[in-house]
Amino acid sequence: MKKIKFGIVGCGRIGLRHAEHIAHYAELVAVCDANIAKAQEIGLQHGCKVYQNIDEMLSQPGLDIVSICTPNGLHASHSVAALQSGVNVLCEKPMAISVEDCEWMIQEAEKANKRLFVVKQNRYNPPIVALKEAIQSGKLGKIYSVQLNCFWNRNEDYYKSSDWKGKKDLDGGTLFTQFSHFIDLLYWLIGDVRKVFAMIENFAHEDFVEFEDTGVVAFEFSNGALGTIHYTVNSYRKNMEGSITIFAEKGTVKVGGQYLNVLEYQNMESSDLQVAETSAKANDYGSYQGSMSNHDKVIENVVDVLQGNASVTTSHLEGLKTVQIIEKIYEGAGKRVKVGML
């Protein structure tokens with residue numbers, strides 16, 4: 001069977017992670033970064049062509065798909081450039097930082113008759129897989145309410161060491177860069193959101209971040225369940241928790257740990273959830289950690305789909321839905337009445 005030929009646009013830490021896994025499932029033939037030294041680092045390691053200009057890379061014959069690993073605000077334009085060149089796309093989270101840009105990407109994919117995948121690696125966390133199966137099978141019965149906690153640390157060095165993080169036009173906001181995977185899981189597990197009330201503030205990052213570092217959200221799902229989110233990047237010194245707790249007719253379940261990677265609590269009417277063992281750890285970026293490192297499963301699925309052996313688990317329509325919910329939260333926060341204005 002023909003090996004799928006990948007390119008990567010954006011050779012930072014997440015680009016390096018993509019390169020590592022692509023090498024196991026496909027062939028990495030080209031990399032591109034405005035900082036040519038970063039591209040050369042991956043190119044030397046994997047023996048592939050190196051580019052500084054995305055259009056030049058996309059003109060390379062035989063390219064099947066590109067991973068878009070650039071700053072959030074560039075995902076749409078880089079994805080569209082690839083699609084218009086007749087190349088499939090695997091886009092890192094978030095799909096984009098506006099619903100309008102997501103719709104543009106989808107339209108261009110349809111015009112070009114090409115695949116547009118979106119990275120959703122936390123769906124592969126074993127406790128999340130077990131929880132999804134319990135909900136789908138009816139084992140939990142009716143869902144009453146959901147609590148999502150996202151307590152991480154992102155300090156001044158994290159933002160100042162980057163030329164785009166913390167900037168509204170390229171980063172988008174804390175929910176886009178840090179916690180879009182958590183929002184995706186809410187949608188994937190429970191469903192769409194119809195009502196939102198939110199309050200957001202920037203308590204500790206005002207001098208170097210252009211948006212909130214903390215938010216509190218209350219919402220109603222389309223199925224009538226109620227939910228809350230408390231998120232912050234002000235957890236003292238280190239990441240503390242990433243958790244989801246579900247209160248339902250036939251059980252209560254909490255998946256926690258720092259990255260939704262541990263089944264912390266369950267009390268079920270029927271048999272307990274069975275969680276598969278995993279050796280996956282959090283993405284390690286040196287001075288901080290991110291979500292669970294399941295990119296191998298994402299790329300394996302992409303390759304299988306392109307070879308005609310699997311169905312998509314990383315749909316662009318679900319990528320759009322995540323951005324829609326985040327926009328609803330930020331719109332709700334924009335309408336809040338701040339203390340002192342009463």
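Predicted model: local features only at pLDDT ≥ 70, side-chain atom pairs only at ≥ 80, totals over all residues.

Numbering starts from 1 along each chain as its sequence is written, and side-chain values use heavy atoms, with hydrogens and water left out.

**Salt bridges**

The whole structure holds 13 salt bridges (a side-chain nitrogen of Lys or Arg within 4 Å of a carboxyl oxygen of Asp or Glu). Among them are these:

| Pair | N to O distance |
|---|---|
| Arg17 and Glu20 | 3.6 Å |
| Arg123 and Glu318 | 3.0 Å |
| Glu241 and Lys254 | 3.7 Å |

Arg17 and Glu20 sit three residues apart in helix α1. Arg17 is buried at 15% relative accessible area, while Glu20 is partly exposed at 39%. Buried means under 20%, exposed over 50%, and partly exposed in between, with a 1.4 Å probe and protein chains only. Arg123 and Glu318 are both buried.

**Asn153**

Asn153 lies in the loop between β7 (143-151) and α7 (156-160). Asn153 is buried, at 14% relative accessible area. Its side chain reaches the backbone oxygen of Ser235 at 2.8 Å.

**Cavity**

Which residues line the largest cavity? They are Ile183, Leu186, Val193, Val196, Phe219, Ile229, Ile325 and Ile329. α9 (180-189), β8 (193-201) and α11 (316-334) each give two or more residues to this lining.

How values were computed:
Helix = DSSP H or I, 4+ residues; strand = E, 2+ residues; numbered from the N terminus. Polar contact = N/O pair within 3.5 Å; in protein donor to acceptor, adjacent residues only side chain to side chain. 1 Å grid on protein atoms, 1.4 Å probe; cavity = no way out; pocket = protein on both sides within 12 Å on 5 of 7 lines; lining within 4 Å.
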